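Q: I'd like to learn how to read a model like this one, feature by feature. Where do we start?

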Amino acid sequence: MEHETHVTRAWVLRPEVKSADQKRDASSALEEAVALAGALPNLEVVGSDVVRLQKIQPGKLFGKGKIEELKTRLHDEEVELVLIDGPVTPVQQRNLEKEWKVKLLDRTGLILEIFSDRARTREGVLQVEMAALSYQRTRLVRAWTHLERQRGGLGFVGGPGETQIEADRRAIDDQLVRLRRQLAKVVKTRELHRGARAKVPYPIVALVGYTNAGKSTLFNRVTGAEVLAKDMLFATLDPTMRRLELTDGPEVILSDTVGFISDLPTELVAAFRATLEEVLSADIILHVRDISHTETENQAEDVATILSQLGVNEDIPQLEVWNKIDLLDADDIEGMNAKALRSEDIFSISAITGEGIDLLLAEVTNRLQGDVSIETLNLPFSAGKERAWLFAENIVEQEEQTENGFDITVKWTARQAAKFKTL
């Protein structure tokens, strides 16, 4: 008999405090939280609510009446896990778990769960473990039975509870130190790999965008690769790279990255950065937007914020890709296409139907190649490395040996000329 996996019944709550500077619409934020929960295997979201609050209660987050009302509902629905889309203090978590007799996760806890489920590369796994430990370290106030301090003694030797908390903390700190060391090694080897890749003369084109904008679908469409493309938040966590030959253009490396998300927990920014380093060394960034989404403007702002937090160089050219136009009605499609045509940095496409992709790729080719010029270089015999590079780039038109070295005629782009100078 096959072992059936237990499906956990979950309920999502979004606390909404009444304030003037509400940037995001509560119901679409709740929708995103439900989608986040749906990204975890063996979890069934049986219900969700926006809970409007006058103010946050420090001990229990919600007011007394609300807690009772929710308790009844959670009990009737046989809910085992409550996900709260927002920050929850350790004390609030403990009190609510006691009141409702369920397990409770806040937004950070949930995203950590997803990250640890998705991380594939060694570095991703380490970063997520570190983030999880830093998060747990703040939650060691839990009233587990083995943490209850027993009376007795003169107090010189802490009760078993105190020692246990300290021991737990120390164990976590030791583990963090160990992980940092491992991570430093992994990062070093990755830098070597990246160094090796930098020698490969392919430009990198990175896809970035809010989660679920359709990056992986576009990636698959263009490269013919079968990358996991599910309608699910964080479906890909590690960067996936493929070689792509552009028509009449250079070969490029196309890199698909993890989807961005608003209010990314601070513990996770490093884990996130680790999976996004390819973006920092990209030659072109394609910012994919789900243009059919009601929150598309806010999502674009979130992406821009994260890119600047990551330290992405502003000189890297960025093209905006308005995806999912197939989901708009005819008039809107016409309007979007007209708007995109007016700007040289915006392209409206559908990764599903393929509409608009040719124009986008033609622009990528154009940006990478720029205007081609012909020049003659005089290289001494000692410049073997530079000469080899020119041949590897396939830009040598003609070469003559002279008394002092070589006269080489090249046909190259401004980008190649600049790269040559750095050799």
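A: Start with burial: buried means under 20% relative accessible area, exposed means over 50%, and partly exposed lies in between, with a 1.4 Å probe and protein chains only. Keep in mind that this is a predicted model, where local features need pLDDT of at least 70 and side-chain atom pairs count only at pLDDT 80 or more, while totals for chains, interfaces and linings use all residues. Residues are numbered from 1 along each chain as its sequence is written, and side-chain values use heavy atoms, with hydrogens and water left out.

Q: Okay, what share of the protein chain is buried?

A: Buried residues account for 45% of its 423 residues.

Q: How do I read a backbone phi, and is Leu 61 buried or exposed?

A: Most residues other than glycine have a negative phi. Leu 61 sits in the loop between strand E2 (43-53) and helix H2 (64-76); helices (H or I, at least four residues) and strands (E, at least two) are DSSP runs, numbered from the N terminus. Leu 61 counts as buried because its relative accessibility is 2%.

Q: And where is Lys 101?

A: Lys 101 is in the loop between helix H3 (90-100) and strand E4 (103-106). Its phi is also positive, near 55°, but Lys 101 is exposed, with a relative accessible area of 69%.

Q: How do I read a helix, say H5: which of its residues are buried?

A: An α-helix has 3.6 residues a turn, so residues three or four places apart point the same way. In H5 (residues 122-137), the buried residues include Glu 123, Leu 126, Gln 127, Met 130 and Ala 131. For length, the expected span is 1.5 Å times one less than the number of residues. H5 has 16 residues and reaches 23 Å from first C-alpha to last, close to the 22 Å expected.

Q: Now the strands: in what sense do E8 and E9 pair?

A: Two strands pair if DSSP finds at least two bridges between them. E8 (residues 284-290) and E9 (residues 318-323) are parallel over 6 bridges, with Val 288 bridged to Val 321. E9 also pairs in the parallel sense with E10 (residues 346-348), over 3 bridges, and there Glu 320 stands opposite Ile 346.
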